[in-house]
Amino acid sequence: MQGLKQEKIIVLDFGGQYNQLVARRVRENNVYCEIYSYKMPIEEIKAKNPKGIILTGGPNSVYLPDSASYSRGLFEWGIPVLGLCYGAQLMHHLLGGEVKKADQREYGKTSLVVDQPDRDIFQGVPKESIVWMSHFDYIVKTAPGFEITAHTKDCPIAACEDARRGLYALQFHPEVLHSEYGSLMLQNFVKNICKCQGNWTMDAFVENAVAAIQEKVKGKRALCALSGGVDSSVAAVLMSRAMGKNLTCVFVDHGLLRKNEGDEVEAVFGEKGVYDLNFIRVNAADRFYKKLQGVSEPEQKRKIIGEEFIRVFEEEAKKIGAVDFLVQGTIYPDVVESGLGGESAVIKSHHNVGGLPDYVDFQEIIEPLRDLFKDEVRKAGLELGIPPHLVFRQPFPGPGLGIRIIGEVTAEKVRIVQEADAIFREEIAKADLQKNPDQYFAALTNMRSVGVMGDERTYDYAIALRAVNTIDFMTAETTEIP
């Protein structure tokens with residue numbers, strides 16, 4: 001939704017594992033942020049008119065001939081640039097400093113000592129705090145014009161800057177939660193140094209999104225892929241606000257949902273539900289089970305489920321008549337993890353991004369939430385008036401239990417994991433934990449184990465239980481469950 005993006009920060013990804021976190025931390029300041037590969041030419045970056053650039057970490061050494069690099073012109077452009085870890089080393093490598101392998105690798109929580117606390121990037125940061133380090137190399141000598149502003153026990157140049165040119169380098173990772181004041185440092189860069197106002201808000205997003213959708217569809221018809229999960233539900237209500245009865249929501253029950261979930265989705269969005277939607281439920285479990293027969297590789301399962309989704313939608317569209325657009329609840333991590341955002345390797349193909357078939361029988365696909373992270377989708381949902389119990393429900397993957405079953409998917413395995421998952425959720429609710437896990441579910445392993453049931457010896461599948469606490473659904477810690 002273009003009207004929102006007048007001020008933005010661009011993250012240049014050098015293959016670091018925290019690229020999404022960097023963008024997420026920037027957006028916490030109500031400043032729009034996008035991730036691009038370091039292979040994007042500087043002319044294209046300039047055309048996007050960012051207020052600042054952040055260079056991510058990366059897995060290589062900057063001094064090797066085949067390592068990721070960038071145009072030196074980036075640092076002579078005149079807008080602020082912040083280098084993190086590999087990005088910090090690359091900045092100095094290109095500008096005349098020296099980077100080499102460290103005698104002592106730093107990994108994990110480390111005490112940072114700020115030597116220049118009056119600097120813009122350290123406003124509000126105490127003289128000593130904990131930061132997260134992860135590096136084999138270090139900056140031995142700064143590039144001309146830089147001043148050292150912080151150090152650690154084993155890293156004499158943990159932070160440095162050339163404020164005159166707007167260049168800042170941090171050897172640690174401020175974006176991870178283990179860095180106590182990392183979010184404040186990034187806020188200082190975005191607000192104090194890049195002079196961003198922070199006007200990218202959810203109410204503005206919803207308003208602009210509705211206007212942009214209306215401009216795009218102009219009375220045409222759309223078919224929305226409604227799974228009942230948070231993302232597709234928010235996408236459906238957003239599209240409904242923009243299109244009214246020209247939107248038809250198709251809910252495909254692929255037989256891979258949680259226990260009773262198909263009926264729950266229909267109760268909310270169907271004929272007797274709270275929304276005035278055109279709603280169609282397609283019960284297609286047998287069709288999906290047949291397609292998945294004999295398939296055990298997770299990525300292959302994702303692609304099969306994704307393609308079959310599209311085929312079902314095409315068939316429903318033909319029954320409805322002329323439908324111009326397919327609507328999907330794709331969100332920003334789906335895009336990045338499918339290898340279409342930054343430089344990082346494909347983490348997993350999402351059935352609505354990397355899993356799409358080559359041929360799709362729709363004029364165009366609309367993804368109204370494509371620019372948002374999960375917690376931003378929830379804020380948009382609340383802004384749209386969706387009840388909190390729907391907005392904050394447990395995240396559930398598009399391929400459903402198909403990827404929570406290790407090995408081949410069968411109707412019997414689905415029944416087992418549905419029952420186990422329902423019991424797990426029931427017990428979590430009964431436990432009255434001070435803070436519920438942010439995500440918890442049961443998965444069916446492909447291992448059989450000997451056990452006792454009553455007085456009988458049994459030999460049956462083992463269930464794995466997963467429960468984590470997370471703020472951003474990108475980093476997580478294990479939940480302690482009694």
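The request comes next, and then one connected reply. In what order do the strands of the open sheet of five strands run, and which strands does H6 touch where it packs on the sheet?

Modeller: First, the ground rules. This is a predicted model, so local features need pLDDT of at least 70 and side-chain atom pairs count only at pLDDT 80 or more, while totals for chains, interfaces and linings use all residues. Residues are numbered from 1 along each chain as its sequence is written, and side-chain values use heavy atoms, with hydrogens and water left out.

Now the setting. The protein chain holds 13 helices and 17 strands. These are DSSP runs numbered from the N terminus: helices are H or I with at least four residues, strands are E with at least two. The radius of gyration is 25 Å, close to the 23 Å of the globule rule for 482 residues, so the chain is as compact as a globular protein of that length. That radius is taken over C-alpha atoms, and the rule is 2.2 Å times the number of residues to the power 0.38. The C-alpha trace spans about 65 × 65 × 45 Å along its principal axes. Of the 482 residues, 56% are buried. Buried means under 20% relative accessible area, exposed means over 50%, and partly exposed lies in between (1.4 Å probe, protein chains only).

To the sheet. Its order is S12-S11-S10-S13-S14, and the pairing is parallel. Two strands pair if DSSP finds at least two bridges between them. S12 and S14 (364–366) are the edge strands, each pairing on one side only. From one strand to the next, the twist averages 25°. Take one pair in detail. S11 (residues 247–253) and S12 run parallel and are joined by six bridges. Val250 has Ile280 of S12 as its bridge partner.

H6 packs on this sheet. The helix touches S10 (222–225), S11, S13 (325–327) and S14. Its direction makes about 160° with that of S11. Axes are lines fitted to C-alpha atoms, for helices over the stretch in contact; angles run from 0 to 180 degrees between N-to-C directions.

H6 also matters for the core count. The largest nonpolar core has 70 residues, and Phe269 and Leu369 touch the most other members. Helix H6 (residues 230–243) gives the largest share of this core, nine residues. A nonpolar core is a set of buried Ala, Val, Leu, Ile, Met, Phe, Trp, Tyr and Cys residues joined through side-chain atoms within 4.5 Å. In soluble globular proteins, nonpolar side chains tend to be buried together. Leaving out residues up to four places away in sequence, Leu369 touches Phe205, Asp231, Val234, Ala235, Leu238, Thr330, Ile331, Tyr332 and Val377. Contact here means heavy atoms within 4.5 Å. A second, separate core has 35 residues, among them Leu84, Val125, Met133 and Ala158.

Next, charge. The structure holds 30 salt bridges, each a side-chain nitrogen of Lys or Arg within 4 Å of a carboxyl oxygen of Asp or Glu. Arg281 lies in S12 (residues 278–283) and Glu266 in helix H7 (residues 261–269), so the pair ties together parts 15 residues apart in sequence. Arg281 is partly exposed at 24%. Glu266 is partly exposed as well, at 36%.

Glu261 pairs with Arg258, the closest N and O atoms being 2.8 Å apart. Here Glu261 is buried, at 2% relative accessible area, and Arg258 is buried at 7%. Arg370 forms a salt bridge with Glu367, with N and O 2.5 Å apart at the closest. Arg370 is partly exposed at 30%, whereas Glu367 is buried at 18%.

Among contacts in the chain with a separation of 6 or more, 72% join residues 24 or more positions apart.
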